[in-house]
Structures are given as structure tokens and as C-alpha cells.
Amino acid sequence: MKRVGVGSREPGVGSREPGTGSGKGVATADKPRIVIADDEQSMREWMRLLFQRDGFDVLIAEDGVKAKELVANEYVDVVLTDIRMPRLDGVSLLKSIRESAPDVIVAMMTAHWSQDSNEWNQARLGGAAALFEKPFRDVNDVTRHVRQLLESRRLRHENVVLRETTADMGFAGIIGRSPAMLEVFRLVEQVCRTNSTVLISGESGTGKELVARAIHSLSLRRDRPFVAVNCGAMPEALLESELFGHVRGAFTSADKDKKGLIEAGDGGTIFLDEIGEMPPTMQVKLLRVLQERKYRRVGGTEEQSSNIRVIAATNRDLPKQVSEGKFREDLFYRLNVIPLTMPALRYRADDIPLIADHFLVKYTKEMNKTIDGFAVDTSAALRAYPWPGNVRELENVVERAVALESERQVQIGTLPENIQKGRPATSRPGDVAEAGEGFNLERHLQDIERSHLERALERADGVQTRAADVLGLSFRQFRYLIKKHGIKRES
Ligand SMILES: Nc1ncnc2c1ncn2[C@@H]1O[C@H](COP(=O)(O)OP(=O)(O)OP(=O)(O)O)[C@@H](O)[C@H]1O
Ligand SMILES: [Mg+2]
């Protein structure tokens with residue numbers, strides 16, 4: 001069995017996995033939590049007092065099996081374990097925790113200690129963070145040492161986050177410095193330290209997958225796999241075997257056992273893209289993985305346990321799908337432990353030049369061309385365009401421009417015609433008749449609104465009172481709208 005940190009405490013994040021009912025995994029604010037595993041009751045009780053006095057939240061285990069269960073079901077920072085114990089000894093416990101919950105610090109203690117004993121070697125090689133000899137010479141040494149281990153884990157983590165931050169461009173390969181993106185970075189930084197399920201929503205091309213990968217690569221799971229699956233891209237039966245695997249003979253073409261992604265990604269992160277497309281029966285099975293960390297291979301009878309972090313993404317309005325009965329409400333709440341919304345590019349126009357430059361550098365390098373930047377009117381057009389396809393569309397436009405450009409700067413004429421005019425190809429009212437799958441009226445109206453504001457400003461030579469008149473709006477209404485769309489005065 002491999003389970004880890006279900007309902008982990010999330011430092012600084014205001015939400016918590018709901019509805020376990022038992023108050024599982026809820027540790028008091030900032031107290032570190034330690035599991036003391038020892039088969040001797042007096043020792044357990046004494047250590048409990050010792051660590052409680054030192055400000056720890058203490059859980060007790062009388063053997064390795066119990067300790068393993070605690071690590072699987074509770075939020076735990078440290079395990080301090082005896083080596084010789086019934087049912088499961090300390091070294092085996094260490095091994096299992098290193099695999100299932102590598103972020104948990106394991107320290108060991110033994111009365112049968114000698115530098116060259118087999119146990120000592122096994123503990124050391126198995127990754128024990130510290131080894132204490134019983135009886136302790138100075139008990140304060142033990143608590144002090146455990147505190148130090150916690151502190152160095154914290155520092156190690158902060159370093160990873162710092163390394164990934166570049167002050168002027170963005171965070172972990174995600175470009176942006178608009179307030180909306182800074183908020184995204186703040187959330188990513190907080191959730192990467194937890195095992196909590198994250199639900200990322202946002203329009204197509206806003207960077208949902210990029211953010212999911214960033215969370216994984218900043219987390220303690222970074223050395224384990226990141227597996228991604230598009231829940232809308234395949235028929236139900238295939239999706240099920242893709243996720244859960246199958247046993248030989250489960251269906252005609254199943255000529256051997258096959259691992260599913262949940263198993264292949266064990267210890268890592270699974271990215272469930274387009275979760276809103278998941279068929280109802282699969283929703284039930286996924287719920288079980290989230291609730292009990294259990295599943296069965298297709299055609300299999302054996303229960304499998306999973307230690308995988310789930311990050312889901314959707315470009316649909318999931319609460320609305322819930323209210324329409326198309327998506328299970330219980331699953332929605334299980335997924336929505338930490339909601340993260342990717343802002344559309346048109347609401348963070350300040351990021352447009354930054355991202356455009358980033359892709360310009362990338363594609364000039366790739367295509368071996370010399371282009372230094374965008375001409376002034378090209379930049380203005382890029383900024384004015386509402387980018388219904390978001391960053392992905394911007395990337396494609398820059399890539400195409402780099403391929404076509406023969407000057408040292410990207411000229412406005414090199415951009416697609418609709419972008420030269422700052423209007424999306426789809427924002428003509430006539431398009432409503434053609435509205436089909438994926439059409440979003442709200443977004444469409446926003447695009448039209450924005451393009452009217454921009455054209456009014458253009459006609460009024462940037463004089464806002466005049467532009468407001470052109471549109472028959474009060475100055476206050478006008479100001480409100482240009483602020484909402486992030487349109488800068490001078491445009
Ligand atoms: N802030 C950003 N900085 C740099 N690149 C970005 C940023 N946002 C998105 N991208 C790039 O844009 C492309 C689209 O991003 P991604 O695939 O993460 O979007 P998505 O939200 O998952 O879209 P969809 O809903 O269509 O799947 C990717 O190539 C990604 O690397
Ligand atoms: Mg995607």
C-alpha cells in the first residue's frame with residue numbers, strides 16, 4: 001500500500017480538502033507534526049511529552065504498520081521511529097515512507113546501535129535523516145536536531161522556488177508580471193508545497209497545462225513522473241484503461257497486463273485535462289481515487305492504492321455543468337480544493353509585449369534569424385488585439401511573423417490582417433449565426449465591447465471624454481470599461 005498526505009495541511013492556503021468528516025489531516029496552524037513509533041509504551045509516552053513541550057503536534061504508533069497508516073492518512077512532517085518493532089520494523093518503514101512520501105523526514109532511534117551494525121547501515125543507506133542512540137544522552141539534543149532537520153527542509157524548498165523566479169519576467173517559465181499573473185504565481189508557490197488537488201480553469205490557451213507542470217516541477221514530487229491525459233480526447237472505455245490499466249483478457253485486444261497512468265505516475269502528479277468532458281461513470285471512479293486513493297484495473301479484482309497528486313483543468317464553466325447535472329457535484333468539490341483561475345490574455349494586456357518578446361527570442365533562435373524586436377505600430381496592434389486564443393494564439397502569430405519577416409523588426413504588414421486592425425476574426429455580430437460548439441456569448445460580447453472602446457479612442461485621438469461621447473456613455477461608465485479591459489490611456 002502506498003498512500004500519502006491525503007488532505008495535507010496547506011501552509012498559508014485558505015482551503016482544505018473538504019468532507020473527510022473525521023478531521024483527518026488537520027494539524028494546528030504552524031505546529032510541526034511528528035509521529036513517534038516505538039513498541040515500548042513508556043518510551044512513547046515520554047517522547048510524546050518531550051515533543052509536545054517543544055511545540056510539536058504528536059501522533060503515536062505502537063508499531064511500524066500503525067506508523068505507516070498515519071503517514072498515509074494524516075499530514076505528517078517527521079517520523080521518529082524505533083528500529084526493532086513487531087509487524088513492521090523501522091528500516092522497512094523507512095523504505096516505504098521514502099517511496100510513498102519522500103517529503104516526510106524520517107529519523108531513527110535504537111538501543112542496539114553500533115556504527116557498523118547492519119541496522120545502522122541499512123538505516124543510513126535507506127535515507128534516514130538522523131540516527132539517535134537510546135538511552136539519549138541529552139533529550140534536548142533530539143528535539144533540537146529534529147527542529148534543524150525541519151528548518152533545512154524548509155530552506156531547501158525555498159531555494160527551489162527562488163531558483164525558479166526571475167524578477168522581471170515571470171515565474172517557473174511562465175511569463176508575466178501583471179497583477180493577475182502575480183496572483184497566479186503566489187498561488188502556485190503555495191500549492192506546490194502541498195499534496196492538495198488543484199482545479200485550474202481558464203480559457204483555451206491561457207497556460208493551464210504550463211501551470212500544472214510548474215506546480216509539479218516545484219513540488220517535492222518533481223523527481224517522479226508528471227503524466228497528462230486529455231479526458232475529452234478518447235472514448236470512455238479507452239480512457240478507463242488508460243487511467244487505471246487493465247489485466248490480461250479484460251477485453252479482446254488485452255493480451256497482457258498493462259499499467260495505467262495512475263500507476264505509472266505513482267509518487268508523481270497526474271494532469272487531467274478537460275475534466276469537464278469526463279463521462280459520468282468515469283467520474284465515479286475518479287471520485288473513489290480522490291476519496292480513498294483506491295481503484296481497480298479494468299477486468300481486475302485486486303484493489304490498487306495510489307499515491308498520486310491530481311491537478312485537473314477545464315475551460316468550461318464547471319459549476320454550471322454541475323447545476324445542469326452534467327458533472328458530479330461531489331467530484332467537483334473534491335477537485336476544487338484549490339481553485340486556480342488563469343486570466344485571459346486580454347485582461348492582462350501588460351503581459352502581451354513581454355510574452356511576445358519571449359516568443360520572438362525563442363523563434364528567431366530556432367529559425368536562425370536576426371530580428372531585434374517589434375516595430376512600434378506592430379507592438380500597438382499586438383496590444384490592441386483581444387487574443388481570443390490567448391497565449392497560444394500569440395505564440396502562433398509570433399512564430400509566423402518570425403518566419404515571414406525580412407526586416408530587422410517585425411513590421412505591422414507581417415501580422416495577419418485581422419490583428420493589424422486589432423480585431424479578432426470572429427468578433428463580427430454576424431458570427432452569432434455561426435455560433436457552434438465552444439462558442440461563448442459572454443466572451444464574444446466582451447470582445448465586441450473592447451473593440452468598440454478601442455475604435456472610439458482611436459477616432460477621438462485618445463481623448464477619453466470625446467471617446468465616451470462617441471459611444472454615448474458617461475465619462476464614468478467609459479472609465480470603468482477601459483479599466484475593466486485593461487486598455488491604456490494612450491491607445
Ligand atoms: N504565461 C506564459 N508564458 C509563456 N508561455 C505560455 C504562457 N502561457 C501559455 N504559454 C504557452 O502557450 C501555449 C498554450 O499553453 P497551455 O497548453 O498551457 O494552455 P491551456 O490553457 O492548457 O490551453 P487549452 O485549454 O487549449 O488546452 C503553450 O505552448 C504554453 O507553453
Ligand atoms: Mg491544455
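**Working through a predicted model**

The protein chain has 19 helices and 19 strands. Keep in mind that this is a predicted model.

**Exercise 1.** Find the largest nonpolar core and say which elements build it.

*Solution.* First, count: this core holds 29 residues, and Leu243, Ile270, Leu272 and Ile275 have the most contacts inside it. Second, look for elements giving at least two residues each; among them are α8 (236-244), β13 (269-273) and α10 (280-292). The largest share, 5 residues, belongs to α10. Third, zoom in on Leu243: beyond its neighbours within four places in sequence, it is in contact with residues including Val229, Ile270, Leu272 and Met282. As background, nonpolar side chains tend to be buried together in soluble globular proteins.

**Exercise 2.** Decide whether Asp63 is buried or exposed, then find its polar partners.

*Solution.* Locate Asp63 in the loop between β2 (57-61) and α2 (64-73). Its relative accessible area is 5%, so Asp63 counts as buried, the cut-off being under 20%. Now the partners: the side chain of Asp63 makes a polar contact with the side chain of Arg87 at 2.8 Å. A polar atom of the Asp63 side chain also lies 3.0 Å from the backbone nitrogen of Val65. Finally, leaving out residues up to four places away in sequence, Asp63 touches Met85, Pro86 and Arg87.

Methods:
Residues numbered from 1 in each chain as written. Chains lettered and ligands numbered in written order. Predicted model: local features only at pLDDT ≥ 70, side-chain atom pairs only at ≥ 80, totals over all residues. Heavy atoms only, no water. Helix = DSSP H or I, 4+ residues; strand = E, 2+ residues; numbered from the N terminus. Core = buried A, V, L, I, M, F, W, Y, C linked by side-chain atoms within 4.5 Å. Buried < 20%, exposed > 50% of the residue type's maximum accessible area, 1.4 Å probe, protein only. Contact = heavy atoms within 4.5 Å. Polar contact = N/O pair within 3.5 Å; in protein donor to acceptor, adjacent residues only side chain to side chain.
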